4 protein chains.
Amino acid sequence: MNMIPNVLAERYASPAISSIWSAEGRIVLEREFWIAVMKAQKDLGLDIPQEAIDAYEAVKDQVNLEAIMERERITRHDVKARIEEFCDLAGHQHIHKGMTSRDLTENVEQLQVYRSLLVIRDKTIATLAQMKARSAQWRDLVITGRTHNVAAQPTTFGKRIAMNGEELLGALGMLNHLIDTYPVRGLKGAVGTQMDQLSLFDGDADKALQLEAKVCSHLGIPEVYTNVGQVYPRSLDMRTVSILADIASGPSSLCRTLRLMAGHETASEGFAKGQTGSSAMPHKMNSRSCERVNGFHVILKGHVTMAGGLAGDQWNEGDVSCSVVRRLMLPDAFFALDGLFETFLTVLGQMDAYPAVIEAENNHYLPFLMTTTIMMEAVKAGVGREAAHKVIKEHAVATVNDLRTGEIRENDLLNRLAGDDRIPLSYEQLYALLEEGRENTGTARSQVDHFGAEVGKLESAYPDAAKYTPGAIL
Amino acid sequence: MNMIPNVLAERYASPAISSIWSAEGRIVLEREFWIAVMKAQKDLGLDIPQEAIDAYEAVKDQVNLEAIMERERITRHDVKARIEEFCDLAGHQHIHKGMTSRDLTENVEQLQVYRSLLVIRDKTIATLAQMKARSAQWRDLVITGRTHNVAAQPTTFGKRIAMNGEELLGALGMLNHLIDTYPVRGLKGAVGTQMDQLSLFDGDADKALQLEAKVCSHLGIPEVYTNVGQVYPRSLDMRTVSILADIASGPSSLCRTLRLMAGHETASEGFAKGQTGSSAMPHKMNSRSCERVNGFHVILKGHVTMAGGLAGDQWNEGDVSCSVVRRLMLPDAFFALDGLFETFLTVLGQMDAYPAVIEAENNHYLPFLMTTTIMMEAVKAGVGREAAHKVIKEHAVATVNDLRTGEIRENDLLNRLAGDDRIPLSYEQLYALLEEGRENTGTARSQVDHFGAEVGKLESAYPDAAKYTPGAIL
Amino acid sequence: MNMIPNVLAERYASPAISSIWSAEGRIVLEREFWIAVMKAQKDLGLDIPQEAIDAYEAVKDQVNLEAIMERERITRHDVKARIEEFCDLAGHQHIHKGMTSRDLTENVEQLQVYRSLLVIRDKTIATLAQMKARSAQWRDLVITGRTHNVAAQPTTFGKRIAMNGEELLGALGMLNHLIDTYPVRGLKGAVGTQMDQLSLFDGDADKALQLEAKVCSHLGIPEVYTNVGQVYPRSLDMRTVSILADIASGPSSLCRTLRLMAGHETASEGFAKGQTGSSAMPHKMNSRSCERVNGFHVILKGHVTMAGGLAGDQWNEGDVSCSVVRRLMLPDAFFALDGLFETFLTVLGQMDAYPAVIEAENNHYLPFLMTTTIMMEAVKAGVGREAAHKVIKEHAVATVNDLRTGEIRENDLLNRLAGDDRIPLSYEQLYALLEEGRENTGTARSQVDHFGAEVGKLESAYPDAAKYTPGAIL
Amino acid sequence: MNMIPNVLAERYASPAISSIWSAEGRIVLEREFWIAVMKAQKDLGLDIPQEAIDAYEAVKDQVNLEAIMERERITRHDVKARIEEFCDLAGHQHIHKGMTSRDLTENVEQLQVYRSLLVIRDKTIATLAQMKARSAQWRDLVITGRTHNVAAQPTTFGKRIAMNGEELLGALGMLNHLIDTYPVRGLKGAVGTQMDQLSLFDGDADKALQLEAKVCSHLGIPEVYTNVGQVYPRSLDMRTVSILADIASGPSSLCRTLRLMAGHETASEGFAKGQTGSSAMPHKMNSRSCERVNGFHVILKGHVTMAGGLAGDQWNEGDVSCSVVRRLMLPDAFFALDGLFETFLTVLGQMDAYPAVIEAENNHYLPFLMTTTIMMEAVKAGVGREAAHKVIKEHAVATVNDLRTGEIRENDLLNRLAGDDRIPLSYEQLYALLEEGRENTGTARSQVDHFGAEVGKLESAYPDAAKYTPGAIL
């Protein structure tokens, strides 16, 4: 039987992420970690010959997965299998001194997580830059704002995008906090007491701490735990995965809204060059990428549940009941979010708005949306507030009903109000209110500008990240 | 970069499941489905030349995934890519007539699910057979039953296993109900009205229904939906995945308990031949397989959350926001449960109980566990109930405290009671009660027999399934 | 501080469910259970005076929650508190003989669950009856079927409702299976061996089983576990709650679709008498009840995660780590689903369709939806298939674009095709195809009839349930 | 029927939290918010008479829930009901000017969340202070560290506590970040454009922003959103609830471990004064509070799923599909975590360790735990590494087996090694190694000190919080 690929890595994630989590890449990371430990141990006085280190260095990229798997089938111990393979390749027995399996795997897996977080930060910034551009482009395009999916008040398409953009900015703040405080487990030994490292150095605790510091500096992760057991607390994974789901939320909401807008033909996610719609229905522009973004979010929330199943469930100094879960969940969560970004960046690059349809919708709803303003004007003209409300409601509801029953095809509320003596406003006056109201989007435009300015700071701070464009998506 | 494999399929699931979900296998299932549709359409009068059908048949196993992926990169439409590939291979254009993409994919994916459910049923039965054997083996091995993880009353190890076995039996009932009622979507067209199939047959609804019936008969799934949209309701996937998590629960609880017992050295999951414990600590028999079983359960509950994210979220006649989720979740949920069974069957095959340690534990706790009985005898001997309770509690608590503070090393509660005039029972009488109580496991043994009889019926009904033994696990 | 009410019970659930789960109601259920046990014990020969039983009977409805809570604050043992209270009220000490706390609480809680399941079945049937009525009412109302939220093919509104109705029927099948197979824990003692019941009857296992049978017959639950520990397996709760979420899915999808339709003004959930829309926007008919239904579904899926957190996590013979979870989750899950039904039944009772708007939408999209048919006719008239497809696609895409840019306001695809020599069909011919296609909803109508027939069987079997109408909702 | 209470608030949460979420309390918060808006509007020039403000102030604490509910039953609009009630009480109509419902409810609910977060921070600090005290108390108490629930290496009980304490410290960092960056929605109007506030001030955007700033200052929440719709993004709720689950993880893991230790009688959660164990088994000290802590964690993870069901699901400018979910989830999540802290603080206050049992366990395992050291000494004494490993493993495994089969009752590994010529170490030498190893807990003690120092900083910064002691728990 042929190998079954990881569907997220194969179809959706970009190499920036998947290379971090490939089996070969991980083996190399581990070997580099072992070498870093050896070098540090040698520096601190352990008797490790330089030629052994050189020999390991020389073979570290010779990764034969099948050979390793073969060893694991016998030992039923994955780390032991990888130690033996590396030592046999190098012809030495100097790695893994004073280390327990988790001294290797925890740190290397955290390195994978940490590097993935940096990739995700870059993609988040690229996405915000695109959202800034789109919200600026449509900053002044007035649309019918909807609540409960029903016309409510005018807003602008730019603000609608900035709204979900600001949501993403908030999640970026969490991500940055996580990156800044992400602690690596370090070299802590079988139960977290560093006993075996101390033994290596004849009980010299200072050397054990120096060794750990050197190794963490190799990893490039600034923080390190002090009190851990065999493993770092799995709530850190839950924290990580929750933030990934948090990041996915703004894009997911915008995609949800684009799917709704596509239903009204006020906007669409666009078509790639050469893309075919439904063969039977060539006109059909399906929001398949937006739907996919929503799908990725569902996946991530499943990963949050998995991570939650591990958090707070540590027995004593730890065990490996988390192992199979983390093997699956950690890469998949990053693949899913990376795939989401690739897809969403494509949507942002190809999406389109249809001003003519938007304007028709505005015209259809505008008289309803202006009823508050009309009422206030009527009050100014001397009608009692309650009386005005009653009359306007009466006509508004009747107009809605006539539109729905087909009595009328266009919204004629203004005519009705102009023709009712209880409202002392002429058609011309009412029409003027309408035209004025059409552009009344409050602080929408300045809100868009505020969002743009915030993202602008990020673009300055991370210019390369901001310029990223997605690969071709399926 | 090298391909990233599906970690569940690669490391844990057996070929019985993974072959159903391989990319190649799926392509062949699709092609067989198309051919079945063509044949049925021809039977019902459509003008499809036999040589075309023969040509498709001839090439159906020629699966070139890369070529198909290349086509998809252009069309961004996976089904279209696969149609073109198959037609080009066959040199004809007769497949997919009157079909929409989902007429293909829904049915084929449901076939994958259905066949996987049958595999899972077989594995469940194999597992129950092993649990029966183990519960029979240790039917009479008295252990200290624990509640709140603290000694409570005697039970037998066999009953403990039968308890989780009966839990699994209940889940099997749900699985059987699902298999018996699992409905396939059928050929329903783009929005579920079968319009295009009707058009093919000039509006002859009877022929459209006959076509669907013939095709479902090809699939071998007894039930078919009547009212669906583009897709079958995703609550069916939630139902499926929930039942998989349900099935995992009994094994998961037994593994949790085995991990606890390993901590007391009353039982262990055993060692495979050649397996190494921790290299640093050769005596250590870690419950790594039991821990893994618990890990699989966590994964499955994450899949339940994913499935829940799709259920009840259908817009109109449906869309593909579920697509990426189902691509991931459906195979992975089956891989996880299959991997759980492979692991758990291995545990059942290798596990061991340690009667000497068990007996020592029983002796340690027995005087405490017998306090109720002692009190009843004291009452019979004329002491007031409350008075007896007070005295016994006083000594019991003191004994516990002395054991915990190291005042005593062995439980001497019987001596204390024998020496207290307020309890008119001699040491000999008390000891006799103890010896009697040691074996007092109530209906535990007959409960085990009842479980064995229930499983026996399954073994008779599914003899091959019951005999299954797991492959080698990592 | 005032008491904080359970928000689901207070605002949404009906008395049929909330009375089962009230604190007072539960106390009474427990007392009835104790009395049933006493009577059975007396029948089987235990020395329990009739006057004691009478005394307990006489006071069983005297429930003083505060007094019980006061006792619990001292003993920190809820069952002990309730035993003492009941005994003090009755002036006897005969309840709870040979019983452990869980012999009481497990069975009573399962009785609450079981009775709630029966209520839910009735509500499901009432809902199906209403869905049948609505799908019959709109069986022939042709609407524009949508996939990806975009116009796809005609269907009928009745079929759309029947589609979600059939989904609910499937979930009802699961519920019925659960009800038919729901096993109660029974009187199993502290670790499931029935030891204390056996002691009461001097080791007579037969009497212990007879006692259990009598007590289960009091409960009215047909099945009983054989092998359990202190508790019944919590996967049964997961099974129960998963099925509740399953049941919620069909209603949730229909509500999602109604929210979409409200956005197009093709349908609405209607207004209750006296209900106010937004005060500022009197025309606004918000789908607030449909939104609430979707909200209940989200809640239920959270309960599924809670239930999943308990399943497969039993330690040895059990403990109370599940206690606080079940206290919350079990009633709340039933309250949520009951509230969902009350809300959804209200929606079904008040919803409305707007045929004029629907027809306008149909007219707008029909030329696009008919392109397949037009192509087939063109082929019949001698044009090559690929050529026809190319021409039609060209015009369809141009028409879409012109509509979106405002070049045209009405769909003029027919004119374009009629004016193109490459398509040998006149405007009259094309128009005739369109009119024919307008009603071409395939097997939609017969599908609706099939759904109605299935529900009809339920209405006959459960006539009272089918007639249920919801209470007033907030 | 009697009211059904919120079980979390009634049984577990403390008044500090439940008072924030009581129905009455919320009404008062809303009224204070309305008054704050009125005052600010008056300051900014709106014509609101001081006597109206005074009238509202005078009646703001007159909360009649039933009267409000009665109004809601008619209007089906909760905010409208509360407006009417407050206005009728005050005899004025000046509140809610230019406001939409969400301008009220979002801000008030966020205030409830924010204040609850502050309470949770205090409880977290109190908990850390207790964990510091306990880890200091048992800083030097050597215990057998366990991985896979099996003896691994010595550690100290203090470090075990500090390990979970440091986990909690990490979660506190997240909480602090959330508190520092928590943004309130502000007065944004129906679709987020502040249109109605602008209208009130005749289009003066500056006044609208000033009004918002004044109102936010009333709330005391430092950050405010710029771009939102009708609602703030629900990913903020997911973020909040995820962090609550994160906080629960360290306590949950420690409780899990205490439950395990209770099984070995090395520690227990202790007993409250007057507390009764099982009546039948007076010696039994059940870890019911620890189990409850684990239960609360399960609940919180269910709330995370609920919150995840809302995040990324915003349609356009928002709707109320989140309403029923948030009504339930937000207070319940805080009640659950608060209940967890009350319970866990009680555990920390009453827990006990049993040095005699701990020492017996250490003695039992120490020879095994020292095998690495023995091997290293044997190597120093001239034996080949592989040879030494082989011999030691042979004896270690044999000793384990003999203990399990009852051949021996005490670990005699040292005798076996001393008696084997292949290992050139005398019994005295081996025993000396053992005694040395007994105290070899590496950096455990200094790790505890490090934890204490970190918590000490918090105690200085939040002295009142640190001193908090829990109320009596059930």
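Start by selecting chains B and D: 35 residues of chain D are in contact with 35 residues of chain B (contact means C-beta atoms, placed from the backbone, within 7 Å). This is a predicted model, where local features need pLDDT of at least 70, side-chain atom pairs count only at pLDDT 80 or more, and totals for chains, interfaces and linings use all residues. Residues are numbered from 1 along each chain as its sequence is written, and chains are lettered from A in the order in which they are written.

Stay on the side of chain D that touches chain B and colour α16 (385-405), which gives the most, with seven residues. Other elements that each supply at least two residues include β2 (150-156), α11 (235-264) and α12 (288-310); helices (H or I, at least four residues) and strands (E, at least two) are DSSP runs, numbered from the N terminus. By type, this side of chain D has 16 nonpolar, 11 polar and eight charged residues.

Next, select residues 23-43 and 101-137 of chain D, helices α3 and α7. Their axes, lines fitted to C-alpha atoms over the stretch in contact, are 10 Å apart at an angle of about 120°. That makes α3(D) oblique to α7(D). Show side chains here: D:Arg26, D:Leu29, D:Glu30 and D:Phe33 of α3(D) meet a set in α7(D) that includes D:Leu104 and D:Leu111.

Terms used. Axes are lines fitted to C-alpha atoms, for helices over the stretch in contact, and angles run from 0 to 180 degrees between N-to-C directions. Angles under 35 degrees count as roughly parallel, over 145 as roughly antiparallel, 65 to 115 as roughly perpendicular and the rest as oblique. Two residues are in contact if their C-beta atoms, placed from the backbone, lie within 7 Å. Ala, Val, Leu, Ile, Met, Phe, Trp, Tyr, Cys and Pro count as nonpolar, Asp, Glu, Lys and Arg as charged, and the others, Gly among them, as polar.
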